[in-house]
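Colleague: Could you take a close look at how the parts of this chain are divided and how they meet? Walk me through it in one go, please.

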Amino acid sequence: MAHGGECVGRADDGRATFVAGGLPGETTQVVVTEARPRFQRGYAAGTIGAASPERVAATCQHFGAWPARGAAPGAWCGGCQWQHVAYDAQLGHKRSILRDALERIGGVGAPAVAATIGMPTPWGYRNKLRTRLVGGRPGLVAVDGRTLVRISACPIAVPALLAHVAAFEADLPDGTEVTFRIGERTGDALIVIDDREGVVGEIEVESEASIVIIGPEGEVSIAAGRSFYVEQLGGAAIGVPATAFFQVNTGMAERLAEVVQAALGPGSGRVVDAYCGIGTLTGAIAAVSDTVVAVDIDASAVAAAVANTGGLANVTLIEGDVAEALEEIGPGVNALVVDPPRGGLDAAAGAVVARMLPARIVYVSCEPTTLARDVRALGSIGYAHRSTQPLDMFPQTYHSESVTVLQHDASGLA
Ligand SMILES: C[S@@+](CC[C@H](N)C(=O)[O-])C[C@H]1O[C@@H](n2cnc3c(N)ncnc32)[C@H](O)[C@@H]1O
């Protein structure tokens, strides 16, 4: 199974073939949709011989079934890729994909990658759905990446969130992006209408949720309620501003904080929480550190992090670019936690890390390929890969989250 969700096989002529809807061990007929001299791409059109024991029937009506999903890619929702894969097998594939990336891209020999921490019930978890309007109603992007599919079900979404999506109707242009967010434990919902094009005039929406509009300059105006929602995380109430990052899976966000805390260990000394967002990990880090400096570039996230970590005397928050903040913080950092966006560490951040050389780096990643690239770069300045713990933040999709521990034994800051 490859990163991206397709299965990799060999065609009769020996060409590598990426097969959507395929499963390891199966022999299948493939409808080829893209042919190149060295590889081809397509979808599974019929198993020859026995189906894999990993194969299950999809739960969602908008996922459909193979090969119908491949034959009409504009008709089926593209949000999930793996509803045809048994859940235990999904967890195994996420582990293998990470191990493979760390080996091939990261240059780590036999990397220690633990079994993926999964969800007890891998459904009803998504606290955020980004939709685009079609005929005034929310739609999700189809398998073809273009067409919008109107949905009446989404078994991976928090049910109360789906109720807000289903009830939404507005006289707004087709393609308008409307994001629905909810506190899974509080039921507090927020609808974010993206009007960066400046085309939304007066809006009339009947909803019990808060509604905000993001204007052409990124400014947030409140149409109803307030500009954030409240969630319960680790037993405490946290505020999540309209455009700030928060993990889409509240329960697994709690597990992630536990894993990061364990990766640091007690007595971690002086720690930097880089890319801290609304401070979701900061409290867990502070509990095992002398001091924590937490940094994020998003002003609304930092303001929320100040409130969300309120009362923790050993936490300092900085609004700004990670590379610049690390430069200011200077040497003497024992451990650095990084949780960058999908693109991983940028060159400027990497250069400052090379000068600071914290003994331990705890790298939280949602993208195995950029994690592996950065592990290779950090390896070239003396960091050894110690462990990677995958967590299933995104069941039924190929996406994965992981926590990697890197150690620099010569840094003198153990
Ligand atoms: C994957 S989120 C992690 C948030 C947080 N650790 C959490 O668990 O919720 C990445 C964060 O990086 C921030 N970010 C992106 N580029 C940045 C930069 N150059 N400097 C500082 N923060 C940045 C974003 O605002 C976002 O909050």
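Modeller: The chain splits into domain 1 (7-85), domain 2 (90-120 + 249-407) and domain 3 (128-233), with bounds that come from an automatic or database domain assignment. This is a predicted model, so to speak of local features we need pLDDT of at least 70, and side-chain atom pairs count only at pLDDT 80 or more, while totals for chains, interfaces and linings use all residues. Residues are numbered from 1 along each chain as its sequence is written, and side-chain values use heavy atoms, with hydrogens and water left out.

Now the meeting of domain 1 and domain 2. Their centres, taken over C-alpha atoms, are 34 Å apart. In contact there (heavy atoms within 4.5 Å) are 8 residues of domain 1 and 8 residues of domain 2. The two bury about 710 Å² between them, 66% of it on carbon and sulfur atoms; buried area is the accessible area (1.4 Å probe) that two parts lose on being put together, summed over both. On the domain 1 side, Gln-81, Trp-82 and Val-85 lose the most area to domain 2, together 72% of what that side buries. As for salt bridges (a side-chain nitrogen of Lys or Arg within 4 Å of a carboxyl oxygen of Asp or Glu), the count between these domains is 0.

Two backbone details are worth a glance. Trp-66 and Pro-67 are joined by a cis peptide bond, with omega about 5 degrees. Pro-67 sits in the loop between strand S4 (39-48) and helix H1 (68-71); helices (H or I, at least four residues) and strands (E, at least two) are DSSP runs, numbered from the N terminus. Then there's Leu-357, not a glycine, yet with a positive phi of about 45 degrees. Look for Leu-357 in the loop between helix H8 (347-356) and strand S18 (360-365).
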